[in-house]
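Here is a friendly tour of one protein model. Please have a look at the fold before reading on.

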Amino acid sequence: MANATFYIVKPNSPQAEAHGFGLYVVFLAQHFAKQGAKVYLNCQDKLHAEAMAEAFWQVETKDFQAHNLVGEGPKYGTNIEIGHQGVKPSWNRQLVINLADNQTTFANKFAEVVDFVPCEEKAKQLARERYKIYRQAGYQLQTIEIEHL
């Protein structure tokens, strides 16, 4: 059965601001990739995807995890691939981390979905809409409050 996990961002947490949220996403992607998952990071647009790719270079050397943007690097080269709406992962990925705020078009294409419930009210409403889409697609749903790193 497919699973969708929504991480709830608390208003006063480090993840509530853009830099802290980006670091948390990198942490999650690396965590899943180290467990052997083939991760697809779905960003809002090309600029956002490039910024997230850059964030992976900002970690400590010992924590570095290989990654690539869709269309760059060898087809099966990394466990973490970064893309955006309008492009597809270059090969089968099991887990998607969704950073786009528009309605998802990938329900049923991944066995595992990670999504977020932001603090801002409009973004929170969009997250509720995505939650409904996953539920209608038959995903097993859960929510987790983000803990401080």
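This is a predicted model: local features need pLDDT of at least 70, side-chain atom pairs count only at pLDDT 80 or more; totals for chains, interfaces and linings use all residues.

Residues are numbered from 1 along each chain as its sequence is written, and side-chain values use heavy atoms, leaving out hydrogens and water.

Let us begin with the sheet. Seven strands form an open sheet with parallel pairing, in the order β3-β4-β2-β5-β6-β1-β7. Helices (H or I, at least four residues) and strands (E, at least two) are DSSP runs, numbered from the N terminus, and two strands pair if DSSP finds at least two bridges between them. β3 (68-69) and β7 (140-145) are the edge strands, each with a single partner, so one side of each has no neighbour in the sheet. Four bridges join β2 and β5 in the parallel sense, and Y40 stands opposite V96 in β5.

| Helix | Strands met | Angle |

Helix α3 has the buried residues A123, A127, R130 and Y134; buried means under 20% relative accessible area, exposed over 50% and partly exposed in between (1.4 Å probe, protein chains only). These residues are on the same side of α3 because they cover an arc of only 60° around the axis, taken from the directions from the helix axis to the C-beta atoms. Exposed K122 and Q136 sit on the face turned away from that buried side.

Now for the interior. A nonpolar core is a set of buried Ala, Val, Leu, Ile, Met, Phe, Trp, Tyr and Cys residues joined through side-chain atoms within 4.5 Å. The largest one has 27 residues, of which F32, V39, L41, I82, I97 and F116 touch the most other members. α1 gives the most to this core, with seven residues.

Finally, consider E81 in strand β4 (residues 80-84). E81 is buried, with a relative accessible area of 1%. Beyond its neighbours within four places in sequence, E81 contacts residues including Y40, W91 and R93.

Key: Contact means heavy atoms within 4.5 Å.
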